[in-house]
Amino acid sequence: MKKLKVDVAVIGTGTAGMSAYRAAHAQGARTVVIEGGQYGTTCARVGCMPSKLLIAAADAAHMLDVAPGFGVYPGEKRIDGRAVMERMRKERDRFVGFVLESVEGFPEQDRLRGHARFTGPHTLQIDDHTEIEAARIVIATGSTPVILPQLKGVGPRIATSDDVFYWDDLPGSAAVIGSGVIGLELGQALTRLGVKVRIFARGGSLAQLSDPEVLHAATRTLTGELDLRFQTEVVRAKEQGDGVLLTTRDALGKESSESFEVVLLATGRTPNVHGMGLETTGLALQANGVPEFDSRTMQCGSSHIFIAGDANNELPLLAEAADHGKIAGENAGRYPDVRPGLRRTPLGIAFTEPNIATLGKSYRTLCEGGRPKFAIGQVSFENQGRSRVMLQNKGMLRVYAEYGSCRFLGAEMIGPRCEHIAHLLAWAVQAHLTVPQMLDMPFYHPVIEEGVRTALRDLAANLAKGTNHTDAADSEPGT
C-alpha cells in the first residue's frame, strides 16, 4: 500500500473540486485531487451544456411552428432524431474536452485515481492502493440523480436526466417525472422535437417559483403547450414490450396506466456523501448524510474538513459550485485562518421558453414569519411592446423591495428572454440599489427591458403608498 502525506486532499474533480484544488494550491499548500469516476464536470457531460444543445435544436424546430404567425410558411417539418442527438453528443464531447485539458493540466503527481474513503479524521484510503494522511480535506464529490424506489429495477427504459445525453435517437414517447427545472427543460425540448411527452408532478410547483401570481402565469403559459399532470404520484411501472407501463395516482386517488417508450426521471439529485466513511470523521451529520457546515466558509463544524458544490446540497448550480470550491480551497489552504468567502446574489434560471427565473430573496423567503412586509411591483408581458413584436408576449415579472429604504430585494418571473433580465436584476440586488436608483438607469426602445421599468414604476408607487399587491402577512407562498 502506497502512503502519501499532504497538506490538502480534494475529493472530486468536478467544478467545485477543480476550483478547490486551484485555490488551495495558490495558498502554497501541497495539494492532491482524487477522482473515482470519469474526469469531466456534471455541467459539461450531463448538465448545463448538453441540455442547452438539445434545447437549441428544439427551439429551431419550434420556430418553424410559429413562423406562420408572421406570414412565413416554411413547408413540411422533418426532425431527424439521430442527427439531433449526434450533434448534441459531438458538441458535448467538445465541451468535456476542454474540462479534461484543464484537469490534465494539473501536475501528474497531484492527480490520484480511485474511490476515496475516510478511515479517520485525517486519513483516506483510495481503493486498495494508496493511504493518504491529509492535514485538511475538501469533499467535492458531486451528486447523482434520484431514482424513485418504486421504479428501481424496472429495466433500462427507466432513464435519468444523465442518461438522456447518451441516447442515439429520440424516443417516440416519454413520461417525464418531475416539474422542476430539469423536468420542464427536457420535457419541453422533447415535445418540440416531436416526442409525445407527458409530465407528471407530485405537487403543483413549477421550477423554482414560489410567488403564487408568477406560478399561476407559468402554469397558464406552459400548459398551453405541455401535457402537465399536477398532484399526481407514481405508483409503479413494469416493462411491457418495447416500452414501460406506468401507473400513476391523481389527487382524487384514481389510478391510471399508460405505456411510454421511456420513463424519464427528473426528481432531483442526491449528494454523493454515502459510503465514504464520514462516520469515522467525528463530524455532525444532517439527516441526508451531509455534514453540517457553514455556508460562508464551507467549513464542517470547527474542523479541518470542508465541503463544496453539489455534495453540500445547498444550491446545485455550476456558478455556486465554482464559488464553493474557491472558498473551501482557500480556507483549506490557509487553515486554521478560516475566512468567509464571497457569496453572490442567488440566481436561478430555467431555460424553458419562456424562461423562468428567480433572483435575490424569493417570495417564499420574504413571507417567512417575523419578516417585515415588503412591497411588490409587477408587469404582464402579454401587452409588452417588444414581446408582442416577437410573438413571445406571455408571462409575468414580479419585483420586491423593502419599505423605508426602498432597497431592491429580488424578483420572480416567467417571460421572453428573462435569462438576461434576471442577470440585470441580480446585479442590482448585489449592488444594493434602491428602486429610484434603478429607475434612473437608461432604458432603450423598443426592448423587453421596458417591461422591467414598468414593474419598477409599479413597485415605486406601492412603496410610496405603503401598500402592496399581496399583503405578505396574510398570504401563503405558492407550492
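How many residues lie between β4 and β5 in the hairpin that they form? The answer opens the legends below, which describe close-up views of a predicted model.

**View 1. Strands β4 and β5 form a hairpin.** Two residues lie between β4 and β5 in this hairpin. Strand β4, which covers residues 116-120, pairs with β5 in the antiparallel sense, and four bridges connect the two. Among the residues to look for is G120, whose bridge partner in β5 is T123.

**View 2. Strand β5 has a covered face and an uncovered one.** In this strand, which spans residues 123-126, L124 and I126 belong to the covered face, whereas T123 and Q125 belong to the uncovered face. In a regular strand, side chains alternate between the two faces of the sheet.

**View 3. Strands β5 and β6 form a hairpin with three residues between them.** Strand β6, made up of residues 130-139, runs antiparallel to β5 and is joined to it by four bridges. I126 stands opposite T130 of β6, and in the turn D127 has a positive phi of about 45°.

**View 4. The second largest pocket holds about 640 Å³ of space.** This pocket is lined by 28 residues, of which D59, H62, R192, E353 and Q392 are the closest to its centre. The elements that give two or more residues to the lining are α3 (48-66), α5 (181-192) and α6 (212-222), and α3 gives the most, with seven residues. By residue class, the lining of this pocket divides into eleven nonpolar, nine polar and eight charged residues.

Key. Residues numbered from 1 in each chain as written. Predicted model: local features only at pLDDT ≥ 70, side-chain atom pairs only at ≥ 80, totals over all residues. Heavy atoms only, no water. 1 Å grid on protein atoms, 1.4 Å probe; cavity = no way out; pocket = protein on both sides within 12 Å on 5 of 7 lines; lining within 4 Å. Points joined across faces, edges and corners; volume = space filled by probe spheres on them. Nonpolar A, V, L, I, M, F, W, Y, C, P; charged D, E, K, R; others polar. Buried < 20%, exposed > 50% of the residue type's maximum accessible area, 1.4 Å probe, protein only. Pairing = 2+ DSSP bridges.
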